[in-house]
Amino acid sequence: MIERLCKFCGEHYVLVMMLFTRLVASVSACLTVYYVKLTLSFKPDVERHFFQAAAIFVALGIIASTVLALRL
C-alpha cells in the first residue's frame, strides 16, 4: 500500500504524509476536547472559555508543527 501511495504521490509523498498526519492530529485534538466536555462538568462561562482556549491551542499547535515540518 505504501509503495502504491508513493508511486501515486511521486515527489510530493513526504508533503502529503506530513499534511495527512496534521489532519489526523487535528481530528484527535477535537475528539480529546469533546471527551473532556463529556467527562467534566463546567459552569457555562468556564466551558465557553475552555472551548475558546482549546480551539486556539489546537490551531497554534497544528500551525507550529506544520511550519516546523516545512522548514526542516
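The structure is a predicted model, in which local features need pLDDT of at least 70 and side-chain atom pairs count only at pLDDT 80 or more, whereas totals for chains, interfaces and linings use all residues. Residues are numbered from 1 along each chain as its sequence is written, and side-chain values use heavy atoms, with hydrogens and water left out.

The protein contains three helices and zero strands (DSSP runs numbered from the N terminus, H or I of at least four residues for helices and E of at least two for strands), and its pattern along the sequence is α-α-α. Its radius of gyration, taken over C-alpha atoms, is 17 Å, well over the 11 Å that the globule rule (2.2 Å times the number of residues to the power 0.38) gives for 72 residues, so the protein is more spread out than a compact globule. The C-alpha trace spans about 50 × 25 × 10 Å along its principal axes, and 10% of the 72 residues count as buried (under 20% relative accessible area, with a 1.4 Å probe and protein chains only).

The axes of helix 2 (residues 13–39) and helix 3 (residues 44–71), being lines fitted to C-alpha atoms over the stretch in contact, with angles running from 0 to 180 degrees between N-to-C directions, come within 11 Å and cross at roughly 165 degrees. Helix 2 and helix 3 are therefore roughly antiparallel to each other. In their contact (heavy atoms within 4.5 Å), residues of helix 2 including Leu-15, Met-18 and Val-33 meet residues of helix 3 including Phe-50, Phe-51 and Ile-62.

Conventions: Angles under 35 degrees count as roughly parallel, over 145 as roughly antiparallel, 65 to 115 as roughly perpendicular and the rest as oblique. Buried means under 20% relative accessible area, exposed over 50%, partly exposed in between (1.4 Å probe, protein chains only).
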